[in-house]
Amino acid sequence: MAQVQEVDVLICGSGSAGLCAATWLARCGVRCRVLEARGGPLEVGQADGVQCRTVEIMESFGIVDGLLREAYHVLETVFWSAAGADGKLVRTRRTADTAPGLSHQPHVILNQARMHSFLVDAMRRFNGQEIDYGYRVKSVSVDKSLVDDPAAHPVTVVAEHEGREEVFKAKYALGCDGAHSTVRKSLGFKMVGDSTDSIWGVMDIYPRTDFPDIRKKAALQSKSGSLLIIPREGGSLVRLYIELPHESKDVKLEDLHAAAQRIFFPYKLEIADTFWWSAYSIGQRLADHFSESNRVFLTGDACHTHSPKAGQGMNTSLQDGYNIGWKLAMVLKNQASPSLLKTYNLEREKVAADLISFDRDFAKLFSSSKAGSELNAVSQAFSEAFIKSAQYMAGLTARYAESPITNYKGAQDAAVAIEVGKRFPTAQVVRFADAKAIQLVTALPADGRWRIVAFLGDIREPAAADRMKKLGDFLSSESGPIRKHTSASADIDSFIETLIVLHGPRISIEQEQIPDYFWPVTGKWRMRDLHKIFFDDQSYNSGHGHAYQTYGVDPKRGCLAIVRPDQYVSMVTDVEDWEGVQGFFDGCATKAAAVI
């Protein structure tokens, strides 16, 4: 009989979602097992587009510098169509790829395998977490008689390794095993959707060409079909997505080369080498269930599949893992009840459904079956739709519905640009301790903590100073949310951290004017943490961030924003709404949360 191994979280598959969830768990000090059927790490990934939001996520884990250094930065998108004389291809439009102000991070291109390596390195650094390669998951089942016992291991996973079966008993399992997911099939879930008769090819090539925009993201719509150019990192490699005739079968590499050369006409395209290629039919499918008994959760391609042209696949999958990872950590550390995990379905099912709808419309619009003036009209409509959808393609439109961790009952009008349910936007502020100008979101790293971001106005004014003192007294009180939900043996900011953003000239304020609670004694050396206080003020080398204006906050009124560990906004309310803040944390966190 196979030996049974118990584990808190078993992750089936080391794709983008699985690695992101494992990184979260590692960052929060929670061990898991990651089973991967391949014999080693991914060497060449098929995905390459990295949304602004995904770059922000990598930043939150502290692993963005290498990514930005290696990646191709997508700065401009150009559109070409057969609008010239005799239907020749001409440039019709150009636009910034990401509109200014959407994100402080860029849209970049980097191979999926390299993205994975950053996550693997991070989880190793956080707690020595590794991946178990060569494990092929054969079945997953749930003992429903045990699912209501938080200490039970109701999930059974059978995997084959080196010709032998191994059995795992898990509290929770994640199905991150791709479009042909064994986890999904074992649970009896089905993918619902359809495929079109549209055939597309994709290839990474080294081009010799006189086409002027070969190093820019470009959409080409000609009488011979449509094509999307995605320049790759390194300066030479280029990815082409190519529309093929509907009747195409048994597509060969030569077919892709020929189709690309026809679409590029009158420009010449000579292909020096092809690094990788594939062909696919467009399909959009969604799993009929995303979880089983609040114990097994599907992520990524295991629960949603679509075309790759809008660059959403790896990003949405990674963000699935980013959503579930911190929630599992909170539950396993007794910081929240298992009911918190139900919000994964509530939040990510809608994101996936929206993605399927967007992809269906995007793929249809991009295909060109018209000619002449009709094609030019289609091309114009496509470029306009492409520009309008920039915020969606940047990964910044997801808005989560009302739940125990998303509260719309506060005072949204106190900060109109900090939208409840959406990711916390950023603005430049100046850190009081060292006069350094930073993006405020960088003070909210992915370390498992909740944040209360308090905009308290100009404390040179007696009313604002009094408001700050009373808030500090409430938050630091024995009956307040901080001490109520934080272990007595842990640092006061270990579960809920408070950051304050003040208004006006920082040089007019001394540290002693700010209550002790906002610069607490923490850490191994029991030193005061001076890095939680910021000013909306002029910096020495990067100007004024105008954060209050950016966020839509009146300095005389101020506001509080409660931000989740994954940087999404849970609540916006008035500074004096102590009852609302208390009620929010009482509704989603356990009392005296344990810290591992």
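This is a predicted model: local features need pLDDT of at least 70, side-chain atom pairs count only at pLDDT 80 or more; totals for chains, interfaces and linings use all residues.
**Strand pairing, cysteines and an annotated domain**

In strand S7, His-107 is the bridge partner of Val-74. Strand S7 spans residues 107-109 and pairs with S4 in the antiparallel sense, over three bridges. Together with S3, these strands make up an open sheet of three strands, in the order S3-S7-S4 and with antiparallel pairing. The edges are formed by strand S3 (49-50) and strand S4 (72-74), each of which pairs on one side only. As a general point, the strands of a sheet pair through backbone hydrogen bonds, in either a parallel or an antiparallel way.

The cysteines come next. A disulfide is a covalent bond between the sulfur atoms of two cysteines. A search of the whole structure finds zero disulfides. For Cys-559, the closest cysteine sulfur belongs to Cys-588 and lies 18 Å away, which is too far for a bond, given that a disulfide calls for two sulfur atoms within 2.5 Å. Cys-588 is in no disulfide either, as its nearest cysteine sulfur, that of Cys-28, is 15 Å away. Cys-559 counts as buried because its relative accessibility is 0%. Cys-588, at 8% relative accessibility, also counts as buried, the cut-off being under 20%.

Turning to the annotation, an unreviewed UniProt entry assigns residues 399-591 to "domain: Phenol hydroxylase-like C-terminal dimerisation". In the model, the chain over residues 399-591 is 18% helix and 21% strand.

How values were computed. Residues are numbered from 1 along each chain as its sequence is written. Side-chain values use heavy atoms; hydrogens and water are left out. Buried means under 20% relative accessible area, exposed over 50%, partly exposed in between (1.4 Å probe, protein chains only). UniProt positions are given in the numbering used here, feature names are shortened, and annotations may be inferred rather than shown by experiment. Helices (H or I, at least four residues) and strands (E, at least two) are DSSP runs, numbered from the N terminus. Two strands pair if DSSP finds at least two bridges between them.
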